[in-house]
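Then let us walk through it together, one step at a time.

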Amino acid sequence: MPTVEADHERAAHARQVAIYRAMTPGQRLQVALRMNRTVRELMALGFRARNPAWTEAKVQRAVADRILYASTG
């Protein structure tokens, strides 16, 4: 029997899908670009916190490398 949490997650997912489907392709692109920018900013914050002596160029290079050489699985 599904849990209340699982029902809640399914309902939230269905709502999010409906929101994205209602968007124009341009709006979806803008959302994707904002997400990408947010991920990059969060990565940079993490690198800066762990490596306070790094220059901004070094931080940005580390972010780029993490994205470029990321692997899954």
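We begin with the whole chain and then move on to its parts.

Before anything else, keep in mind that this is a predicted model. What is the chain built from? It has 3 helices and 0 strands, and from the N terminus on, the order of its elements is α-α-α. The radius of gyration of the protein chain is 18 Å, well over the 11 Å that the globule rule gives for 73 residues, so the chain is more spread out than a compact globule. How much of the chain counts as buried? Of the 73 residues, the share is 11%.

Now for how two helices meet. Two packed helices are described by the angle between their axes and the distance between the axes. Here, helix α2 covers residues 25–50 and helix α3 covers residues 56–68. Their axes are 9 Å apart, and the packing angle is about 125 degrees. Angles from 65 to 115 degrees would count as roughly perpendicular, and those over 145 as roughly antiparallel; α2 and α3 are therefore oblique to each other. The crossing in which α2 passes α3 is right-handed.

Which residues make this contact? From α2 come R40, M43, A44, F47 and R48, while α3 brings E56, V59, Q60, A62, V63, R66 and I67. Sorted by kind, the residues of this contact are 7 nonpolar, 1 polar and 4 charged.

Next, find the loop between α1 (4–22) and α2, where M23 sits. Setting aside its neighbours within four places in sequence, M23 is in contact with R28 and V31. The C-alpha atom of M23 is separated by 15 Å from that of R34, with the two residues 11 apart along the chain.

I19 lies in helix α1, and L68 has its place in helix α3. Are they buried or exposed? The relative accessible area of L68 is 57%, over the 50% cut-off, so L68 is exposed. I19 has a relative accessible area of 31%, so I19 is partly exposed. How far apart are the C-alpha atoms of I19 and L68? They are separated by 30 Å, and the two residues are 49 apart along the chain. For L68 and A22, which are 46 residues apart along the chain, the C-alpha separation is 32 Å.

Definitions and conventions
Residues numbered from 1 in each chain as written. Predicted model: local features only at pLDDT ≥ 70, side-chain atom pairs only at ≥ 80, totals over all residues. Heavy atoms only, no water. Axes fitted to C-alpha atoms, helices over the stretch in contact; angles between N-to-C directions. Helix = DSSP H or I, 4+ residues; strand = E, 2+ residues; numbered from the N terminus. Parallel < 35°, antiparallel > 145°, perpendicular 65-115°, else oblique. Left-handed = near helix turned anticlockwise from the far one by under 90°. Contact = heavy atoms within 4.5 Å. Nonpolar A, V, L, I, M, F, W, Y, C, P; charged D, E, K, R; others polar. Buried < 20%, exposed > 50% of the residue type's maximum accessible area, 1.4 Å probe, protein only. Rg over C-alpha atoms; globule rule 2.2 N^0.38 Å.
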